[in-house]
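Keep the picture in view as you read.

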Amino acid sequence: MFRTAYRLPFRLLGIPVHLDVTFLLILPILAWMIGRNVGLYIEVLELPIDPTPLQEGMTPFLLGFIAAIGLFVSILVHELGHCVVARRYGVYVKRIILWVLGGLAQFERLPRQRGAEALIAIAGPITSFLVGALCWILFLSVRANAMLAFVFAYLSYMNVFLAAFNLLPALPLDGGRVLRSLLALRVPYLRATQVSASISKSLAVLMGLLGFVFFNVFFVLIAFFVYMAVSGESQIAAVSEMLQGIYVQDVMTRKVKTVRPDLGVSDLLQRMLEERHLGYPVLDESGEMVGIITLDDVRGLGSSQETRNITANEIMSREISTIKESASAWEAFQKMSRNNFRRLMVVDSNGRLTGILSKTDLIRAIQVRTVGSTLETSGPRVGGSQF
Ligand SMILES: [Zn+2]
């Protein structure tokens, strides 16, 4: 997710803000939808505003645009609410991202203190309630100006809606996190995640059904998002829990077989066959790692006569993904999943190759842990997360 996100040229409270491409698509649509329904909003919300001048010419769409921007600023402030509390627990905030379904604040990890997740989660809806109240005060003080009054009244209602919606006890919404964190005070974190995940899935199905009954595309989308995200959320919690306390140096393969850059392709294939290895780091004479060669690199070559003379140096990939021995296994797992790497080169503090860490190494560690996990009880310990 979020492969095409544009970074804004400034930071908020030191946090980078990214706009996902889906956000840039939804913004004009949202502006148009608000603009088209200005009269309807005034009627439904019983606002003491004369709708006639607001519905002339381009005014509705200008209003819609301002209101849509205001809505996303509100979402941004909601995310900042999470970030401020997270920081009090020493959590590093990587970035805030705005996308089609709102905002996400991405954290490096969650704090270990019990109940901390609940406080970070509840901070968002509380912030939105406060912004809603502030917008209402602003609405009351600018009532003479129909345009400004409409925008502030709209934002006031939307912030309250945002707060209420996020309090639904479904993961990964804030309410779901509060629920999980409170459950985790009593049962192991993994079990708390499983319980909140099943509640979330039922809620998502209910929300989706309501969306269909009332022809509300937004509800169907949110339901789908909750359902998909909650499956990922429980898997991530499980993996993070299983890898807790394990470091790269505990599970890496130390006896690394390497090849020289001048090794011919046919010799390389022969070695792969004999040693049952599908990838090798390529080291030059001084022992410096210059690349990685895998079966995939050889596969594209075909079987013509010339390929016999090709050396590893010509087809190896020079992009080397490394990880420090001292890094946590969870960090390695995240690096692999983010970039779709099957293996990482392990280096010591001087950058010298000391081993290889493959997905299989991590899976083996998880399997060993799974066997022992029935004996464990633990507090909320989870890695990278987003709110
Ligand atoms: Zn939130």
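Predicted model: local features only at pLDDT ≥ 70, side-chain atom pairs only at ≥ 80, totals over all residues.

Where does L13 sit? You will find L13 in the loop that links strand 1 (5–12) to strand 2 (15–20). The backbone of L13 has something to notice too: its phi is positive, about 50 degrees, although L13 is not a glycine.

Now look at E46, in the loop between helix 2 (38–44) and helix 3 (59–88). E46 is not a glycine either, and its phi is positive, near 50 degrees. Is E46 buried or exposed? With 7 other C-beta atoms within 10 Å, E46 is exposed.

## The nonpolar cores

Let's move to the inside. The largest nonpolar core has 54 residues. Those with the most contacts inside this core are A67, A86, F150, V151, F152, Y154 and L155. Which helix gives the most to this core? That is helix 5 (residues 146–166), which supplies 10 residues. Domain 1 (5–167) and domain 2 (187–244) both contribute residues, so the core lies between them.

Setting aside its neighbours within four places in sequence, A86 is in contact with V91, V93, F107 and I120.

## Domains and secondary structure

How is the protein divided? There is domain 1 (5–167), then domain 2 (187–244), and then domain 3 (248–370). The centres of domain 1 and domain 2, taken over C-alpha atoms, are separated by 23 Å. If you count the secondary structure of the protein, you get 14 helices and 10 strands.

## The whole protein

Finally, step back. Along the principal axes, the C-alpha atoms fill a box of roughly 85 × 55 × 40 Å. The protein has a radius of gyration of 27 Å, whereas a compact globule of 387 residues would have one near 21 Å.

What percentage of the 387 residues counts as buried? The figure is 36%. As for contacts with a separation of 6 or more, 65% of them are accounted for by residues 24 or more positions apart.

Technical notes:
Residues numbered from 1 in each chain as written. Helix = DSSP H or I, 4+ residues; strand = E, 2+ residues; numbered from the N terminus. Buried ≥ 20, exposed ≤ 12 C-beta atoms within 10 Å, placed from the backbone. Core = buried A, V, L, I, M, F, W, Y, C linked by C-beta atoms within 7 Å. Domains from an automatic or database assignment. Contact = placed C-beta atoms within 7 Å. Rg over C-alpha atoms; globule rule 2.2 N^0.38 Å.
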